[in-house]
Amino acid sequence: MKFYRPLYLFSAIAFFAVACSPDESVYQQDILQNPACRNIIKLKDKRDAKALIPYFIDVDYQLRQQAVMAFGSFKDTAALNSLYTMLEEDEPIAQAAAFSIGQIGDTRSVSVLQRILERSFLPETRFEIYDAMGKCGTIELNYYLASNYNVNKDAKGTAWALMELANKKQLNPAGVTLAITILENENDKDVRFGAANALARTQIQIPWKRVKHQFLKENLQDVKMALALDLRTVP
């Protein structure tokens, strides 16, 4: 997946790869001994969406979560409506659903993800929803992110959504301005990393004086390296 991710999502991805996170060996053993869990892994490998979706309503919470995460491994837009309903589930499943929706990357998902944000979620869940919006979004998402940004409110998700937009060459001047504003106002290293890398990956002109100012005062190595990339092509 990404080269740098917050720990909770890294754990979720690792969970799916081997059916649990590496430091939960007992839980992993239980998963691998569960025939239904092993079947979900096989169905994921076969990309059998039709057989996976019925697990979404299984009484076993663990099976529902595994089945939802499975769709992060292959793009099947036919599963989107079912994944949207899983955003209404408990937060670990909602996080898995947002992740899979983002991996599918369909632009139609943006409005659904925006509506679900009206609910009160844990920061981890809100991050996944914002990140998914970035993966699914187009130029218009820059304006949504800019109009909804407040200092310390969903800053990590906003920054990483901007980086996802930049990955797809969908970052526009409003998004560039927002990324710099985030660097000027936010102290969290994950937030700053996302904003700096959004700028590093954009194809459009940046206000180099503001970026240079951030570069000169930056103490975090990863962030400073990204800002250095921003400054390669400016005076």
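**Close-up views of a predicted helical model**

**View 1. The second largest pocket and the helices around it.** Helix 9 gives the most to the lining of the second largest pocket, with 4 residues. This is a predicted model, in which local features need pLDDT of at least 70 and side-chain atom pairs count only at pLDDT 80 or more, while totals for chains, interfaces and linings use all residues. Residues are numbered from 1 along each chain as its sequence is written, and side-chain values use heavy atoms, with hydrogens and water left out. At least two lining residues come from each of helix 9 (123-136) and helix 11 (155-167), helices being DSSP runs of H or I with at least four residues and strands runs of E with at least two. By type, the lining holds 5 nonpolar, 3 polar and 7 charged residues, where Ala, Val, Leu, Ile, Met, Phe, Trp, Tyr, Cys and Pro count as nonpolar, Asp, Glu, Lys and Arg as charged, and the others, Gly among them, as polar.

View 2. Arginine 126 belongs to helix 9 and aspartate 154 to the loop between helix 10 (140-148) and helix 11, so the pair ties together parts that are 28 residues apart in sequence.

**View 3. A salt bridge between arginine 210 and glutamate 184****.** The side chains of arginine 210 and glutamate 184 meet at 3.0 Å, N to O. Because arginine 210 lies in helix 14 (residues 208-217) and glutamate 184 in helix 12 (residues 173-185), the pair ties together parts that are 26 residues apart in sequence. Arginine 210 is partly exposed at 31% relative accessibility, and glutamate 184 is likewise partly exposed, at 35%.

**View 4. Tyrosine 61 and its contacts****.** Tyrosine 61 is placed in helix 5 (residues 61-70) and counts as partly exposed, at 28% relative accessibility. Apart from neighbours within four places in sequence, tyrosine 61 is in contact with Asp90, Pro92 and Ile93 (heavy atoms within 4.5 Å). The C-alpha atoms of tyrosine 61 and aspartate 90 are separated by 9.6 Å, although these residues stand 29 apart along the chain.

**View 5. Confidence along the chain.** The protein averages a pLDDT of 85, and 84% of the residues score at least 70, pLDDT being the predictor's confidence in each residue, from 0 to 100. Confidence is lowest in helix 1 (residues 7-18), at a mean of 38, and highest in helix 10, at 98. Over residues 1-27 pLDDT stays under 50. Where pLDDT is low, the predicted coordinates should not be read in detail.

Note on methods
A salt bridge is a side-chain nitrogen of Lys or Arg within 4 Å of a carboxyl oxygen of Asp or Glu. Buried means under 20% relative accessible area, exposed over 50%, partly exposed in between (1.4 Å probe, protein chains only).
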